[in-house]
Amino acid sequence: MYKILLIEDDPLMYRMYQRVFSLSGYTIEIAEDGAAGYEKAKTYRPDLILLDVMMPKMNGLQTLEKLKADEVTKDFPVFILSNLANKPDAISALQKGAKKYLIKSEYEPKEILSIIKEFFDENHISPST
Amino acid sequence: MKLAKKLLLLVILSSLVGILLIGIISFILTRSALKKSIGNQQLQLAQQMMDKIDRLLYERYNDVQTMAGDETIENFLSAAENRTIPIENTQSTIAKRINDLSIVTGPWDDIDVLDMNGVILYSLDQTLIGKKLDRNAQDFSIYDHARNGATTYSDAFVDSDSQKPTVLFATPIRDSNDPTRKIIGAVVSHLSWPLITEVLESVNGPDIDLYNRDSQEIANNYDSSAFFKEINTHLNKAQVLKEGKLSSVSQDEEGKQIVSAEVSEQGFLEYKGSGWILLMKQSPATAFAPAANTALLSAGILAPIIILINSILFFILLRLLHPIGELTSATKHIAGGDFSQRAPVHSQDEIGQLASAFNYMADKLNELYSNLEQKVKEKTAELEKEKAGVEQKVIERTHELSYEQARLQASINSLSIGYLMTGIDNQVILINNAAKDILTLSTKTAKPADRANDVSEIRDKIDMQFVNTVLRDKVDLLAQIEEAKKRRAIVILKDIAYKMLFLNLYISPIVNKTTEQVIGSVILIEDITEQKIIERSRDEFFSIASHELRTPLTAIRGNASIIQDFYKEEIKNPEVQEIVNDIHKSSVRLIQIVNDFLDVSRLEQGKLEFNNSACDLLAMSEDVVKEYDVTGSRKKLYLRVTKPEHPLPLAYVDKDRMRQILVNLVGNGIKFTNEGGVDISFGQSENHVDVFITDTGMGIPQENQNLLFRKFQQAESNILTRDATRGTGLGLYISKVFMDNMGGSIVLEKSEIGKGSTFKVSVPIVTPSQVAESTQETHV
């Protein structure tokens, strides 16, 4: 089973995704802020990190930087999940090492799943458990 | 130098020169005259003397003959001869006779009466009586001649017995009783030399020397010890003897200059003399002393005369020139402005004429000057009037200008935008309060009353401060001003960060239309800080708003979707299914609306960026169709892409936006079609790729067609009669704006009620360089 780490502060959002991933056969862990997410990543060692941008204290981009700076966490693929449709942010995120920048409101949960599946297939990532 | 001095100098010089010349000339003339006369005089004198000597000698010559002819002496001799008379008697008789004779004829140094045997029968020198003349005796030859019948004489010589110079005269004594006049004896007499020297000594002054035939000096008038000693080799003997006399200026034996006269003995009748030469000589000094005296005398006489004449001339000339001095002073007066001066006219000569002419000129000048003065007065009055007029005008103008200035200043102060006017040298000419506020910041807090309306103190600060500050922001204000001036066009500098403000600068050159010269610039300073803040906050607002709106919408959509996908069992009830579906649809619609609102707002802010790249429209269209597959099939509509005949060229568009447009159009097509479907086909024109989206829907009424691409517009302008099913009405508007920004177009190709509509989207074909660009882009 693939391990997903979702770093998202809004319960509305993470509850939804939690449901989606669980029902779809993924193992999903939630972190409610960037710092916690970073720590979790180190221990949980996910196959994919889903990262929200708008978070208090440390925002998504800052978290991304931190993840990419750490030897342990830098290789975990990161998708940015955001509701900000700001192109510069998207480019910046991708430059910082995120694999994809997805606008939540544009996708059905199903679609996100298939994007992730496709990603794993394309990159030959096998589940860690 | 003054003329008087000059004249005086001239006079003195000429006098001196005159005197000198006269002296010299008279000296020379006198000297040459004297030379001649003295020469002649001397010669005459010498001749006279020589004549005297000649006569003297001649007389002696005769005297001796007379004595020889004396009867007593005859008788004495005869008696002695015959011895008839006792000698003692005769001796005393002859002695007495000879004494008497010698007194008459003498003086003689000696008289000797000799017989034929050379016995001195009688002599004045008693000691000689009875002695026989020796053959070697000095006087023997003379005696001998005489006893042979010749009356002879000798040359001068020094008698060895008496040691006195003498000349011998001898003559025969003849017997008068004898018919043959037989010679019975001779008389030899010795000339008394003082007779000669007397003659010489009778002249005082010149030295006189007497020379015998052998050029031996035999007598002179100055030194008797010199007799018969020296021989004078300098005598011009030959010449003198030939011509008898010679006067010359020559050198004597000592080399001294002498004036000499030489005369030779001429003799008389039978007495021819012994060829003596008389030399009379004087030193030239003594000879010509009279000349010097004469010169001095003449100079001395003439000098005062010359001086007198010169002085007279001098004063005359001075007097003549006096008028010139008067003229000069008159000229000076006139030069000084006093035209009343006139020169006195003393005469009719050239100077007088000059004076007259001068006076005439002065008259004319006076006239001219007064005329001129008059004219000047008039002109000055005129000018004064004009000046007053001009001054008045200037005052008026200045007033006007100050009003203008005040108006201008008030106008620009009323502007809320900062206003700065610079001159040719970039100095600040005008500045309004708004500019001051912006630039100095601090005055914003100052009370209006404190704000200086006087620019001067701020001026320099603004120049330097401003430039420096702006420079820090990588804008060289002065350079930009120059650029504006050079281009003669406005230069706009946007978003300049200055202290805590954001500014837009508008630099406009001021061109003098008549001279075409740029005389300065006007700088408008727009404080856009608030705008910027508003923008930023709006940006933030929209970001936050979109995020805040989207998040719950995402939750709604997502959860509804989850229910539909994963909880089918739980919503078996079709009612519930429909409810969930409606919930889901609503959320999707809302999300779309939010997106549209965001797009429109950003479009209107000009905030949307377009990243154009090479795009395969065919592939994109197929992709879009795929996306709507579900929706389309649900409505039982076909969704297809009609492949073009020829390969489609790549389009140069913003991929995301293009996709959005296609999505919008296809979505609309599906929305308004109940039967049939949506078809995407392609076309191509010279520069554009065309995409046709054709639906078989209800079509668009004519009256709505014009309003299609407007915001929210529907035919019925009443807001209450909106057809809300038609969506927000922003989609087409957004599409249009997108197309405008991408260099393309979107139009309703055709539409028929009940038949359907065809929309045409035209986008520019990519250029080769754009292709190259695109391959370097990162794919989002």
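Is B:Asp209 buried or exposed? I looked it up and found B:Asp209 buried, at a relative accessible area of 0% (buried is under 20%, exposed over 50%, partly exposed in between, with a 1.4 Å probe and protein chains only).

A note on what I am reading: this is a predicted model, where local features need pLDDT of at least 70, side-chain atom pairs count only at pLDDT 80 or more, and totals for chains, interfaces and linings use all residues. Residues are numbered from 1 along each chain as its sequence is written, chains are lettered from A and ligands numbered from 1 in the order written, and side-chain values use heavy atoms, with hydrogens and water left out.

I started with the partner of B:Asp209, which is B:Lys281, at 3.7 Å from N to O. B:Lys281 sits in strand β12 and B:Asp209 in strand β8 of chain B, 72 residues apart (helices, H or I of at least four residues, and strands, E of at least two, are DSSP runs numbered from the N terminus). B:Lys281 is buried too, at 9%.

Then I checked B:Asp70, whose salt bridge to B:Arg97 has its closest N and O atoms 2.7 Å apart. B:Asp70 lies in the loop between α1 and α2 and B:Arg97 in helix α3, so the pair ties together parts 27 residues apart in sequence. B:Asp70 is buried at 10%, while B:Arg97 is partly exposed at 28%.

My last entry is for chain A, where A:Glu8, A:Asp52 and A:Lys104 are linked in a salt-bridge network.

Technical notes
A salt bridge is a side-chain nitrogen of Lys or Arg within 4 Å of a carboxyl oxygen of Asp or Glu.
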